[in-house]
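Please read them with the structure open beside you.

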Amino acid sequence: GGLSASNQRRISDFIQANLGEDLSITQLANAVGLCPDHFSRCFAVSFGLLPHRYVQQRRIEAALKMLAVSSRSIAEIAVGLGFYSHTHFTRVFHRQTGMTPKQVRLGKR
């Protein structure tokens, strides 16, 4: 089943380095030299999540750090991390953390 340990590291590093980009399944699969369908299955076995959900989690983790230390606006953080709108970012952020980005920012200051 899953991705080899080296491909797991490679794809994890690739995602982290490209959080602000449009990370399609095809791009992710190409990063480890697999076809998209096979990649998706192997990724899910290895990481326990579909690639899209994994990318969203990494983006939210990065956002939590940025909200704590950056003076950039929430909208700038959202776009910088590859979300297509502030609203989409807020919805995903709330679903994963139980808080809005604004609540996190206010709580950190």
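This is a predicted model: local features need pLDDT of at least 70, side-chain atom pairs count only at pLDDT 80 or more; totals for chains, interfaces and linings use all residues.

1. Residues are numbered from 1 along each chain as its sequence is written, and side-chain values use heavy atoms, with hydrogens and water left out.

2. The chain has seven helices and zero strands, where helices (H or I, at least four residues) and strands (E, at least two) are DSSP runs numbered from the N terminus. Along its principal axes the C-alpha trace spans about 45 × 20 × 20 Å. Of the 109 residues in the chain, 34% are buried, which is to say under 20% relative accessible area with a 1.4 Å probe and protein chains only. Among contacts (heavy atoms within 4.5 Å) with a separation of 6 or more, 54% join residues 24 or more positions apart.

3. Helix H6, residues 86-97, has 12 residues and reaches 16 Å from its first C-alpha to its last, close to the 16 Å expected at 1.5 Å a residue, the expected span being 1.5 Å times one less than the number of residues. In H6, His-88, Phe-89, Val-92 and Phe-93 are buried. Seen down the axis of H6, these buried residues fall within an arc of 125°, so they line one face of the helix; the arc is that of the directions from the helix axis to the C-beta atoms. Just after H6, Gly-98 takes a positive phi of about 80°.

4. Which residues does Gln-56 contact, leaving aside its neighbours within four places in sequence? Gln-56, which is found in helix H4, is in contact with His-88, Val-92, Arg-95 and Gln-96. Gln-56 counts as buried because its relative accessibility is 4%.

5. The largest pocket is lined by 16 residues, of which Asp-22, Leu-23, His-52, Val-55 and Arg-59 lie nearest its centre. A pocket here is an open set of points on a 1 Å grid over the protein atoms alone, where a 1.4 Å probe fits, with protein on both sides within 12 Å along at least five of seven lines; lining residues have an atom within 4 Å of a point. Helix H2 (25-31) and helix H4 (51-69) each supply at least two lining residues, and the largest share, five residues, comes from H4.

Definitions and conventions: Buried means under 20% relative accessible area, exposed over 50%, partly exposed in between (1.4 Å probe, protein chains only).
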